[in-house]
Amino acid sequence: MNSKRQFLKYSLLGGLLAQAAVPLQAMSRRRAQANRPIVISTWNHGGPANEAAWELLSRGGRALDAVEAGARVPEADPAVTTVGYGGFPDREGKVTLDACIMDEKQNCGSVAFLQDIRHPISVARKVMEETPHVMLVGEGARRFALEQGFQPENLLTPRAEAAWRDWLREGRYQPVINIENHDTIGILALDSAGDLSGACTTSGAAFKMHGRVGDSPIIGAGLYVDNEVGAATATGMGELMIKTVGCHQVVELMRHGYTPEEACREAVERIARKLPDYRQFQVGFLALDKAGNYGSHCIQPGFNFAVRDQRGARMIDAGSKL
Ligand code: SD4
């Protein structure tokens, strides 16, 4: 064998060994005993959402039911201006909602650019369970929701309308980092049976272009669940997660032995390497593995998440790149 071929052979072998070593090291750092049930979710409004999910999980309920119940809490809360009823509208004053849900059997359902329906996460679940499709958008999604018995209503609250009118005075679209226009809820749960599910629901970026869809209803970008490995969800400027298929990456990294936190950090690092303007935006990833380990990482300081397990409820600040 000439020396070049020999070199190639040994570097390949070295590479394979190094790849194999990562999972072993990382796994030894993980809990031997699974921490379940557990539910985690993004931002402060994750606290009340987790409580609703815990109600079910603590009684042996299914992760899928738990994440849906949790996501419905901020969807119905007019004080949460980034999700469901009370969400800030787009530039034309229309509240348009995005959501998706994924279960332990790789089933998923999604709605995007949905108007007039308070609980897009439940419509997404209906898409998953009652149709042969994964995603319905716009008027088609709305019509399907009505057929399924959801009631149409005006989702624009006086507070959200006032904020929009205020914005119209300048009408300059500049995404603001970390404050009110970026607070999607992503919620991940592991149930007592050891099954994972996730949900993600949002009114999207405030004052977005009419018709804009973010990462939150896009499987792989705003949410991904693989019941063999773990689950991930994201919050922040959805365009960055779509460009990098962020949540799928996080789950795949966990498959290759990264802890949830390491996987989230690497997904943020990849955004930083590939998207030069990343400093202007917030992105936060949140991940849960099959053993109930969790972790998070974001671009800008300020992203936090809520955890609920047997030890109780707590809020945790995510580590950040900047
Ligand atoms: C979006 N990711 O539509 C959503 C917005 C958001 O936390 O997360 N906020 O891009």
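**Exercise 1.** Describe how helix 3 and helix 4 pack, giving the angle and the distance between their axes.

*Solution.* Helix 3 (residues 63-76) and helix 4 (residues 120-130) pack at an angle of about 150 degrees, and their axes are 8 Å apart; axes are lines fitted to C-alpha atoms over the stretch in contact, with angles running from 0 to 180 degrees between N-to-C directions, and helices are DSSP runs (H or I, at least four residues), just as strands are (E, at least two), numbered from the N terminus. The model is predicted, so local features need pLDDT of at least 70 and side-chain atom pairs count only at pLDDT 80 or more, while totals for chains, interfaces and linings use all residues. Residues are numbered from 1 along each chain as its sequence is written, and side-chain values use heavy atoms, with hydrogens and water left out.

**Exercise 2.** State which polar contacts (pairs of N or O atoms within 3.5 Å) the ligand makes with aspartate 183 and threonine 184, and how much of the ligand the protein buries.

*Solution.* Begin with aspartate 183, where a backbone N or O atom lies 2.9 Å from an oxygen atom of the ligand. Continue with threonine 184, whose side chain places an N or O atom 2.6 Å from an oxygen atom of the ligand. Taken alone, the ligand exposes 280 Å² (Shrake-Rupley method, 1.4 Å probe), and the protein buries 100% of that.

Terms used: A polar contact is a pair of N or O atoms within 3.5 Å; within protein, one must be able to donate a hydrogen and the other to accept it, and residues adjacent in sequence count only if both atoms are side-chain atoms.
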